[in-house]
Every structure is written in C-alpha cells, then in structure tokens.
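Follow along with the sequence and the structure.

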Amino acid sequence: MSCPYCAAPTTTEMRRRTTLGYRMFRCRACRRTCNERTGTPFNHLQVPTDVAVLVVLWRLQYKLSLRNVAEMVLTRGFSFTHETAPAWEERFAPAAHCAPEGQTARQSGTHVARGRDVRQGGRAVALPV
Ligand SMILES: [Zn+2]
C-alpha cells in the first residue's frame with residue numbers, strides 16, 4: 001500500500017489493527033501511520049465500511065425505514081442514530097449506487113438531494129423515516 005499522505009510506496013504493515021480490525025501501516029518516508037480506510041470517505045466511521053454501505057443500499061434500493069435498517073444493523077452489533085443514516089446516504093450514495101459501468105451516479109440520474117429525498121431517473125423519491 002502506498003502512503004496516502006506522501007504517496008511513497010514504502011509502507012510497512014504493523015502488527016496491530018484498528019478497533020474495527022482494519023490493517024494499519026507505517027510510512028518509512030514520512031513516518032505517519034495510516035490504515036486501509038485512510039484517504040477514503042469511510043475513514044473515521046464508527047462502523048465497518050460494509051455496514052455503512054449496506055445501510056445506504058437498503059435505504060435507497062429497498063426503501064427500508066430507518067427503524068428496519070437500525071434493527072438489521074443491530075443484529076451485527078452496531079447501532080446508529082436516526083440522523084446518521086441520512087448523512088451516510090448523502091455521503092455514500094454515489095459509491096453505493098449501481099450506476100452503469102463508466103457512469104457516475106449523477107450521470108445515471110440518481111443522487112441524494114437532501115436528507116431523505118433521493119432523485120432517481122430525474123424524479124424525487126421520498127424514503128420512509
Ligand atoms: Zn508517507
């Protein structure tokens with residue numbers, strides 16, 4: 001893995017891992033530490049990346065309510081507030097959306113407008129709370 005701070009290819013994997021189990025690396029050039037999520041939009045999340053992406057996917061694709069999604073995530077031992085899921089939708093919807101290859105979510109006509117509204121094919125789609 002190259003260093004996300006100085007782009008040097010000289011990183012060494014450390015023995016320890018993050019609290020969520022992500023591999024950690026130390027850069028020999030700038031001596032900073034990073035992990036697998038450093039430099040990604042998922043860095044500093046309190047839940048694993050797949051949980052956040054699943055929450056967004058379940059909300060957007062299957063239109064599940066916040067309560068249903070919270071219960072499903074709770075089975076994996078994680079919880080979130082009802083303000084968190086809309087924030088994740090706004091942040092991760094382009095990454096979670098299955099846009100046609102070579103097209104961004106915006107080009108394919110889907111993006112999160114604000115909060116609970118999602119634009120799909122040019123139409124606003126309201127998500128259940
Ligand atoms: Zn570095």
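Which residues of α1 are buried? I looked them up and found Ala52, Val55, Val56, Arg59 and Leu60. I call a residue buried if 20 or more other C-beta atoms lie within 10 Å of its own, exposed if 12 or fewer, and partly exposed in between, with C-beta atoms placed from the backbone.

**Ground rules.** I am working with a predicted model, where local features need pLDDT of at least 70, side-chain atom pairs count only at pLDDT 80 or more, and totals for chains, interfaces and linings use all residues. I number residues from 1 along each chain as its sequence is written.

**Overview.** I find three helices and six strands in the protein chain. Helices (H or I, at least four residues) and strands (E, at least two) are DSSP runs, numbered from the N terminus. Along the sequence I read the pattern β-β-β-α-α-α-β-β-β. Of the 129 residues of the protein chain, 19% count as buried.

**Back to α1.** An α-helix has 3.6 residues a turn, so residues three or four places apart point the same way. On the face turned away from the buried side of α1 I noted the exposed residues Asp50 and Gln61.

I also checked the length. The expected span is 1.5 Å times one less than the number of residues. For the 13 residues of α1 that gives 18 Å, and the end C-alpha atoms are 18 Å apart, which agrees. Just after α1, I see that Lys63 takes a positive phi of about 55°.

**The core.** The largest nonpolar core has twelve residues, among them Phe42, Trp88 and Phe92. Such a core is a set of buried Ala, Val, Leu, Ile, Met, Phe, Trp, Tyr and Cys residues joined through C-beta atoms within 7 Å. Two or more residues come from each of α1 (49-61), α2 (66-74) and α3 (84-96). I noted that α1 gives the largest share, four residues.

**The sheet.** Three strands form an open, antiparallel sheet in the order β1-β2-β3. Strands pair if DSSP finds at least two bridges between them. β1 (11-17) and β3 (33-35) stand at the edges, each with a single partner strand, so one side of each lacks a neighbour in the sheet. Four bridges join β1 to β2 (residues 23-27), and I found Thr11 opposite Cys27 in β2.
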